[in-house]
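Hi,

Here is the structure I promised to pass on to you.

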Amino acid sequence: MTTGVLIVDDDELIRVGLRAIIDAQPDLRVLAEAADGAEVPPLVARHRPDVVLMDVRMPGIDGIQATRHLLATSADPPRVLVVTTFANDEYVYEALRAGASGFLLKRARPAEVVEAVRVVAAGESLLFPAAIRQLVGAYGPAGGDRLSAARLTEREAEVLRLMTTGRSNPEIAAHLVVGVETVKTHVGNVLAKLGVRDRTQAVIAAYESGFVTPSGPA
């Protein structure tokens, strides 16, 4: 299977570079490019990409607005991977809150770009726990009640705490001494109860509710 990618960036040099990296892989293919977030909805409808590489800062419709609109209006939206110059950026945080599955620095090595696209295409989140802690500490609101309203079981809460550290399902399974399928079930329950699409939004909800804090568990 080939993973289709849409590149959205107002810098032509960035688009050219990303296309060269992605199209060099046998399992990845760039379907289209855009220079503004306003072009995203029609291109997604026409090409149905699996992943959108979305520049976070663009004139006109930026990556935050484009991501929010895409996830709100598409029945089966693609995964969004934010591309940014700076990791500690409020725009990045807002894009993640809007539904992006992770972020990628523009200075990332080609191998990192390829791996990131494959990870989010597979339905996983590209989590950088330290970076997310820093973003939440700098920009995240606190005091939400999403966690209390979700009524997580004790085991689901434990799984969520481990998710905030960036552990994968196999790593969580090893830590809890349970099967990977059991962990997948717990993760699915956590996402459903929180009403979020993926692990990134679950981790952000955990921080914003005070369930965990940038300095450690609450």
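Glutamate 158 is partly exposed at 31% relative accessibility (buried is under 20% relative accessible area, exposed over 50% and partly exposed in between, with a 1.4 Å probe and protein chains only). Glutamate 158 pairs with arginine 155 in a salt bridge whose closest N and O atoms are 3.1 Å apart; the term stands for a side-chain nitrogen of Lys or Arg within 4 Å of a carboxyl oxygen of Asp or Glu. Arginine 155 is partly exposed too, at 31%. Helices (H or I, at least four residues) and strands (E, at least two) are DSSP runs, numbered from the N terminus.

Before you read on: this is a predicted model, in which local features need pLDDT of at least 70 and side-chain atom pairs count only at pLDDT 80 or more, while totals for chains, interfaces and linings use all residues. Residues are numbered from 1 along each chain as its sequence is written, and side-chain values use heavy atoms, with hydrogens and water left out.

By the salt-bridge rule there are 13 in the model. Another one joins aspartate 27 to arginine 118, with the closest N and O atoms 2.8 Å apart. Aspartate 27 sits in the loop between α1 (12–23) and β2 (28–34) and arginine 118 in helix α5 (residues 110–121), so this pair ties together parts that are 91 residues apart in sequence. Aspartate 27 is partly exposed at 23%, and arginine 118 is partly exposed at 31%.

How do the axes of α8 and α10 cross? The axes of α8 (residues 154–163) and α10 (residues 180–194) come within 9 Å and cross at roughly 95°; they are lines fitted to C-alpha atoms over the stretch in contact, with angles from 0 to 180 degrees between N-to-C directions. The two helices are therefore roughly perpendicular (65 to 115 degrees).

Finally, α11 (residues 199–208) has 10 of its 10 residues buried, so the rest of the structure largely encloses it. Aspartate 198 caps the N-terminal end of α11, with a side-chain oxygen 3.1 Å from the backbone nitrogen of threonine 200. After α11 comes glycine 210, with a positive phi near 85°. Serine 209, in the loop between α11 and β6 (212–213), counts as buried at 18%.

Best wishes

Notes:
A polar contact is a pair of N or O atoms within 3.5 Å; within protein, one must be able to donate a hydrogen and the other to accept it, and residues adjacent in sequence count only if both atoms are side-chain atoms. Angles under 35 degrees count as roughly parallel, over 145 as roughly antiparallel, 65 to 115 as roughly perpendicular and the rest as oblique.
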